[in-house]
Amino acid sequence: MNIPTGLSLEQEFKLQVLREQVQSLSQEQAQEYLLEVVRQNMVKDNLFKHLLKKAS
């Protein structure tokens, strides 16, 4: 199975916009943002695991 690991052009653009936005954050804001991103990623992982478990 060929799993794409790169980003689409739209995703690259969104990443660049985000890169520019986070440069103006304070260290505290950046830490809070990072923790929220990690939390959301964990929720997404849990959702995928749940859906895979239901599918099998």
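This briefing covers a nonpolar surface patch and the salt bridges of the structure above. The model is predicted, so local features need pLDDT of at least 70 and side-chain atom pairs count only at pLDDT 80 or more, while totals for chains, interfaces and linings use all residues. Residues are numbered from 1 along each chain as its sequence is written, and side-chain values use heavy atoms, with hydrogens and water left out.

**Nonpolar patch**

- Leu 7, Leu 15, Leu 18, Val 22, Leu 25, Tyr 33 and Val 37 make a nonpolar surface patch of about 510 Å² (patch residues have over 30% relative accessible area and no salt bridge, with nonpolar side chains joined within 5 Å; areas come from the Shrake-Rupley method with a 1.4 Å probe).
- Two or more residues of this patch come from each of helix 1 (9-22) and helix 2 (27-55) (helices are DSSP runs of H or I, at least four residues, numbered from the N terminus), and helix 1 gives the largest share, three residues.
- Leu 25 lies in the loop between the two helices and counts as partly exposed because its relative accessibility is 31% (buried is under 20%, exposed over 50%, partly exposed in between).

**Salt bridges**

- The whole structure holds two salt bridges (a side-chain nitrogen of Lys or Arg within 4 Å of a carboxyl oxygen of Asp or Glu).
- In helix 1, Glu 10 and Lys 14 are four residues apart, about one turn of the helix; their closest N and O atoms are 3.5 Å apart, and both residues are exposed.
- In helix 2, Glu 36 and Arg 39 are three residues apart, with their closest N and O atoms 2.9 Å apart; Glu 36 is partly exposed at 31%, as is Arg 39 at 44%.

Note on methods: Patch = residues over 30% accessible without salt bridge, like charges linked within 9 Å, V, L, I, M, F, W, Y side chains within 5 Å. Buried < 20%, exposed > 50% of the residue type's maximum accessible area, 1.4 Å probe, protein only.
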